[in-house]
Amino acid sequence: MPRFEPHPDRRPVLIAGASSGIGAATAEALAELGHPVALGARRVELCEALAAKITGNGGEAFAHRLDVTDGDSVDAFVTAAEAALGPAEVVVSGAGDMTFGLIHEMTPAEFGAQIDVHLGGVHRLVHRVIPGMIARQRGDFVMISSDTANHPRPRAGAYPAAKTAVEVMARQLGMELEGTGVRVSLVRPGPTMTGMGTTTPADVLGPVLEDWVRWGFARHPEMLRASHLAGAIVAVVSAPRGAHIQLTEVQPEARVLPAGS
């Protein structure tokens, strides 16, 4: 069994939802800073390809299947990752997907499945990882939220409800962990171009966008890139001890208008 000594420049990172989007971009950004990264997702083949890319560029990476809706899968991922890289110093909980729809038309099973991924999945990671962080008196646990938590959008299904619950859980957990050396942080993205929801058929997505415009959620057409959120996450977990960045909201910048317009 390898022996890993704590070092401020080597903080093992566990990323849930690392196969694409924000998780993948965050893995690359943290690996570039010298942190070993464990990549977890159901699409483990994409995690393996990303791990190979990171190691090919001189970084340290490990890939393992992870389904955050399954407690045994979460335990297996964390156990394998910590055996390979050392005790987790940073966890980024960003696994999830999105099913658009009207709340009253979603079946209880569909609604519950979204809650289980976005809220239950975060808690499974918290339950598995936080006790070890408390014992070591150090750690960063970052939850990826959404601006739909404070500005719910029509036809977003269970997603806004789940993300609102995640934010409440994070605030409560932060109070419960005060003085332990473990920091819980929220990163709240605005509209972001990721793979989540991009497989939605046009006949479903059309009414979604129409309603968003009608309710004022499309002031301009610009969207964030995954790399923008990765930069925010890097800033959060890189805050020196003694500082705690609790909530970071990132919104897309509007295109600069021509002078005089």
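At 6% relative accessibility, Asp147 counts as buried, and Arg153, at 11%, is buried too. Here "buried" means under 20% relative accessible area, "exposed" over 50%, and "partly exposed" in between, worked out with a 1.4 Å probe on protein chains only. Asp147 and Arg153 pair up in a salt bridge, that is, a side-chain nitrogen of Lys or Arg within 4 Å of a carboxyl oxygen of Asp or Glu.

A quick word on what you're looking at: this is a predicted model, where local features need pLDDT of at least 70 and side-chain atom pairs count only at pLDDT 80 or more, while totals for chains, interfaces and linings use all residues. Residues are numbered from 1 along each chain as its sequence is written, and side-chain values use heavy atoms, leaving out hydrogens and water.

Side chains of opposite charge can pair when their charged atoms come close. In this model the count is twelve salt bridges, including these:

| Pair | Closest N and O atoms |
|---|---|
| Asp147 and Arg153 | 3.3 Å |
| Glu167 and Arg188 | 2.7 Å |
| Arg128 and Asp75 | 2.7 Å |

Take Glu167 and Arg188. Glu167 sits in helix 5 (residues 159–176) and Arg188 in strand 6 (residues 182–189), so their bridge ties together parts that are 21 residues apart in sequence. Helices (H or I, at least four residues) and strands (E, at least two) are DSSP runs, numbered from the N terminus. Both Glu167 and Arg188 are buried.

Arg128 and Asp75 link distant parts of the chain: Arg128 belongs to helix 4 (residues 108–136) and Asp75 to helix 3 (residues 71–85), 53 residues apart. Arg128 is partly exposed at 26% relative accessible area, and Asp75 is partly exposed at 37%.

There's also a network of salt bridges, joining Arg11, Glu89, Arg138, Asp140 and Arg183.

The model has one cavity of 30 Å³ or more, and the largest cavity has a volume of about 60 Å³. A cavity is a set of points on a 1 Å grid over the protein atoms alone where a 1.4 Å probe fits but cannot get out, and lining residues have an atom within 4 Å of a point. Points are joined across faces, edges and corners, and the volume is the space filled by probe spheres set on them.

Helix 4 gives the most to this lining, with four residues. Among the lining residues are Val117, His118, Lys163 and Val166.

How values were computed: 1 Å grid on protein atoms, 1.4 Å probe; cavity = no way out; pocket = protein on both sides within 12 Å on 5 of 7 lines; lining within 4 Å.
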